[in-house]
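User: Could you take a close look at one helix pair in this model for me, and then walk me through whatever else you can say about its surroundings?

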Amino acid sequence: MDQEQFWKIRAEKYNKLNWVNEQSYIETFVSSTEFNKNESVLDVGTGTGVIAKRIALMVREVIGLDISQDMLEHSNWKDNKYFIKRDIREPFFHNNIFDKVTARMVFHHIIERTQNAMDECYRILKDGGKMILSEGVPPTPEVKEDYENIFKLKEERITFLEKDLIELMKNSGFKNVEIITHILKNFSVKNWLENSGLSQNNQDKIFEMHVTASEIFKRDYNMKIVNGDCLIDVKNLILVGEK
Ligand SMILES: C[S@@+](CC[C@H](N)C(=O)[O-])C[C@H]1O[C@@H](n2cnc3c(N)ncnc32)[C@H](O)[C@@H]1O
């Protein structure tokens with residue numbers, strides 16, 4: 001399936017995903033660095049603009065950039081000024097113009113030329129500007145294989161570990177990279193599957209893979225079965241690097 005079709009399907013129910021609107025995750029993301037009223041920010045892979053809308057309260061302007069017109073059109077942020085349909089890997093902005101670049105849950109979708117995407121974020125930042133990146137990771141390296149097997153049924157993606165994300169940022173030139181861990185507690189696998197645009201067959205398979213997973217997987221994800229749902233603790237990293 002091509003990217004456009006993939007995001008067209010996902011866009012329909014994207015805003016119903018609990019994790020997307022989870023306040024503790026949004027607040028941890030935006031408080032990982034200081035934003036101020038003079039700043040100009042680019043939110044890469046803005047999707048429906050959830051992060052961009054929150055950051056807009058703290059800065060002069062936020063531009064949301066996304067490869068998918070469908071995701072942008074499903075935004076609940078109706079009074080925004082700037083949404084741009086672009087691929088971050090295609091240079092568009094001048095050098096050194098943004099104070100911050102943010103990207104939440106975007107880079108694992110950029111399977112090809114991933115480093116080019118990060119290089120581009122670096123290029124458009126001012127000297128001293130910051131990149132704030134967030135990605136989900138397996139809770140421990142031991143369950144990386146299970147994690148990959150589950151996601152194979154969902155989408156083509158990169159599975160990052162913490163060291164890969166640090167390397168990705170450092171290779172583009174970012175320094176003083178700091179890492180904050182956010183645990184999304186009691187993440188509903190059911191809510192995630194029902195709103196991910198997957199076929200019922202794949203939803204059922206992925207749910208089953210959780211329920212029948214190894215004891216190590218269940219322990220590392222702190223898995224609980226509650227009222228027919230499977231609740232897990234999901235590990236998200238937030239990395240802040242400086243140009
Ligand atoms: C999981 S969504 C995250 C949306 C938003 N950042 C959030 O936290 O809710 C990933 C987004 O990345 C966008 N995306 C994927 N590859 C991209 C690329 N090369 N350039 C720009 N956006 C991209 C997708 O279209 C999608 O909207």
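Analyst: Happy to! Let's start with the pair itself: helix α6 (residues 114-124) and helix α8 (residues 162-172) have axes that come within 8 Å and cross at roughly 55°. Here the axes are lines fitted to C-alpha atoms, for helices over the stretch in contact, with angles running from 0 to 180 degrees between N-to-C directions. That angle makes α6 oblique to α8, since under 35 degrees counts as roughly parallel, over 145 as roughly antiparallel, 65 to 115 as roughly perpendicular and the rest as oblique. Helices (H or I, at least four residues) and strands (E, at least two) are DSSP runs, numbered from the N terminus.

A word on the model: it is predicted, local features need pLDDT of at least 70, side-chain atom pairs count only at pLDDT 80 or more, and totals for chains, interfaces and linings use all residues. Residues are numbered from 1 along each chain as its sequence is written.

Back to the pair. On the α6 side, the contact is made by Thr 114, Gln 115, Met 118, Asp 119 and Tyr 122, and on the α8 side by Leu 168, Met 169, Asn 171 and Ser 172; contact means C-beta atoms, placed from the backbone, within 7 Å. By type, the residues of this contact are four nonpolar, four polar and one charged. In that count, Ala, Val, Leu, Ile, Met, Phe, Trp, Tyr, Cys and Pro are nonpolar, Asp, Glu, Lys and Arg are charged, and the others, Gly among them, are polar.

Arg 113 counts as partly exposed because it has 13 C-beta neighbours inside 10 Å; 20 or more would be buried and 12 or fewer exposed, with partly exposed in between. Asn 186 lies in strand β6 (residues 175-188) and is partly exposed, with 14 C-beta neighbours inside 10 Å.

Finally, a look at helix α1 (residues 3-11), where Trp 7, Arg 10 and Ala 11 are buried. These residues cover an arc of only 100° around the axis, so they sit on the same side of α1; the arc is that of the directions from the helix axis to the C-beta atoms. Their cover includes α5 (69-73). Ala 11 is buried, with 20 other C-beta atoms within 10 Å. Leaving aside neighbours within four places in sequence, Ala 11 is in contact with Ser 68, Asp 70, Met 71 and His 74.

Conventions. Two residues are in contact if their C-beta atoms, placed from the backbone, lie within 7 Å.
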